[in-house]
Amino acid sequence: MGSEALGMGSEAARLLEAVDFAARKHKDQRRKDPEGTPYINHPIAVARILAHEAGVTDMVVLQIEERFGAEVRRVVEEVTDDKSLPKMERKRLQIERAAACSRRAKLVKLADKLHNLRDLNRCTPQGWTEERVQEYFRWAARVVSGLRGSSAALEGALQRLFEARGVPT
């Protein structure tokens, strides 16, 4: 059954296609929370934060998969860490490169950090100490400082999380 038969516009159909593609690509991946939440929940939550909290309706931002064109591929490249690098180098580069990101990539990064921090407040990943959680919050605050000026709504939500944790910004 086509998207028009379902009463959906082409943008909604493209978004569902992106979600379906992402779900297949990440089907065997799990988050680090105690429940082992399916990884696909994370990009879906990031897209929801962008749409509902930041008011983003830009389909390029919401369709975060390289399959959907060069513009989307560029955003994906901006927000994806080079997994061949050591973890601490990837974290350092996120801080260093944040301010130079495109507005679209900044929005995705803000929503990604917001979801990760909310998730850390909800439950601590297996093997993480409270100090490691706090260190993640401090690191995220440094990344977010380079993303400022992109979304008052997301920045405000992040600021409240940092304040609740006593993390300077």
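## A buried lysine

In which helix is the place of Lys 109? In this predicted model, Lys 109 belongs to helix 6. Its side chain is buried but forms no salt bridge. The nearest side chain of opposite charge is that of Asp 81, at 5.2 Å; a salt bridge is not counted here because its nitrogen and oxygen atoms must lie within 4 Å.

When residues up to four places away in sequence are set aside, Lys 109 touches Glu 78, Val 79, Gln 94, Cys 101 and Leu 147.

In soluble globular proteins, nonpolar side chains tend to be buried together. The largest nonpolar core of this structure has 29 residues, and those touching the most other members are Leu 50, Leu 117, Phe 137 and Phe 162. At least two core residues come from each of helix 2 (41–52), helix 6 (103–122), helix 7 (130–145) and helix 8 (152–164). Helix 7 contributes the most, with eight residues.

Phe 162 has several contacts beyond its neighbours within four places in sequence. These partners are Leu 117, Phe 137, Ala 140, Ala 141, Val 144, Val 167 and Thr 169.

## Helix 7

Helix 7 consists of 16 residues and spans 23 Å from its first C-alpha to its last, close to the expected 22 Å. Its buried residues are Val 133, Gln 134, Tyr 136, Phe 137, Trp 139, Ala 140, Ala 141, Val 143 and Val 144. Helix 5 (87–97), helix 6 and helix 8 are among the elements that cover these buried residues.

## Salt bridges

Side chains of opposite charge can pair when their charged atoms come close. The whole structure contains 13 salt bridges. One of them joins Arg 24 and Asp 20, with a nitrogen-to-oxygen distance of 2.7 Å. Because these two residues are four places apart in helix 1 (residues 10–25), about one helical turn separates them. Arg 24 is exposed, at 58% relative accessible area, whereas Asp 20 is partly exposed, at 38%. Glu 96 and Arg 92 also form a salt bridge, with their closest N and O atoms 2.4 Å apart; they too are four residues apart, in helix 5.

A further salt bridge, between Arg 122 and Asp 33, has an N to O distance of 3.0 Å. This pair links distant parts of the chain, since Arg 122 lies in helix 6 and Asp 33 in the loop between helix 1 and helix 2, 89 residues apart. Arg 122 is partly exposed, at 46% relative accessibility, while Asp 33 is buried, at 6%.

Definitions and conventions: Residues are numbered from 1 along each chain as its sequence is written. This is a predicted model: local features need pLDDT of at least 70, side-chain atom pairs count only at pLDDT 80 or more; totals for chains, interfaces and linings use all residues. Side-chain values use heavy atoms; hydrogens and water are left out. A nonpolar core is a set of buried Ala, Val, Leu, Ile, Met, Phe, Trp, Tyr and Cys residues joined through side-chain atoms within 4.5 Å. Buried means under 20% relative accessible area, exposed over 50%, partly exposed in between (1.4 Å probe, protein chains only). Contact means heavy atoms within 4.5 Å. Lys and Arg count as positive and Asp and Glu as negative; His and the chain ends are not counted. The expected span of a helix is 1.5 Å times one less than its number of residues.
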